Amino acid sequence: YTDLTRLDLADNNITTVEFGCFKGTKLEYISFKRNQLTNFPNLCEVRETLKTARISDNSITAIRLEDVKCLSRCLESLGLNRNPLLSLPDLHQTLPSLNRLGVFGIKFSCDRKIAWMKDIENLRISKHPCMELPRIPWTQIDKNQLETGLSGEILLSLSNHTQIGLH
């Protein structure tokens, strides 16, 4: 399968991805959407060619830097929508080519740990992704507020702004 560049494994009830199973391929696109993965798959065998990975709608709760750092050369688009992620490292710094990230349907603790998401060129995120701010739209929170912490004054200001906008 040395000429294989696209692989769609969506809807197959896959629970694990065996290490080295993509060796010798030239995959540019892979989809594991709507499977049963609990860990981010090891895609290091295609680190020189992989541009797009769709891993939405699985059961992945954490992604570690070790899981993705080998993809730093080429990965441009990563779909993680609707995974029950509890932690997500700074992918923007680790994956400098990343310009499209899907984290729609994931609730985050809105603090400095996710401020980097404001730098992603094409971010697909829920309108209200913050656990502690369920009614505040992502577009009303700026990177500085995330980096310095959402103090009581900021929360009150954001809440008042949202309430005014609803009338």
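Colleague: How many helices and strands are in the protein?
Modeller: Keep in mind that this is a predicted model. The protein has 4 helices and 6 strands.

Colleague: And in what order do the elements run from the N terminus?
Modeller: Starting at the N terminus, the order is β-β-β-α-β-α-β-β-α-α.

Colleague: How do the strands pair, parallel or antiparallel?
Modeller: The pairing is parallel: 6 strands make an open sheet, ordered β1-β2-β3-β4-β5-β6.

Colleague: Which strands stand at the edges?
Modeller: Those are β1 (6-8) and β6 (122-124). Each has a single partner strand, so one side of each has no neighbour in the sheet.

Colleague: Let's zoom in on one pair. How many bridges join β4 to β5?
Modeller: There are 3 bridges between β4 (residues 77-79) and β5 (residues 100-102), and the two run parallel.

Colleague: Which residue in β5 is the bridge partner of L78?
Modeller: That's L101.

Colleague: Switching to T52. Where is it found?
Modeller: T52 sits in strand β3, which covers residues 52-54.

Colleague: Is T52 buried or exposed?
Modeller: Buried, because its relative accessibility is 16% and the cut-off for buried is under 20%.

Colleague: What is T52 in contact with, leaving aside its neighbours within four places in sequence?
Modeller: With E28, Y29, I30, L75 and S77. S77 belongs to the β4 stretch, residues 77-79.

Colleague: Now E121. Where does that one lie, and is it buried or exposed?
Modeller: E121 is in the loop between β5 and β6. It's exposed, because its relative accessible area is 71% and anything over 50% counts as exposed.

Colleague: Last topic, the whole chain. What share of the residues counts as buried?
Modeller: Of the 167 residues, 42% are buried.

Colleague: And what's the accessible surface of the protein?
Modeller: About 9,300 Å², with 48% of that belonging to carbon and sulfur atoms.

Colleague: What about contacts between residues 24 or more positions apart?
Modeller: They account for 37% of the contacts with a separation of 6 or more.

How values were computed:
Residues numbered from 1 in each chain as written. Predicted model: local features only at pLDDT ≥ 70, side-chain atom pairs only at ≥ 80, totals over all residues. Heavy atoms only, no water. Buried < 20%, exposed > 50% of the residue type's maximum accessible area, 1.4 Å probe, protein only. Contact = heavy atoms within 4.5 Å. Areas by Shrake-Rupley, 256 points an atom, 1.4 Å probe, with all protein chains shown as cover. Pairing = 2+ DSSP bridges.
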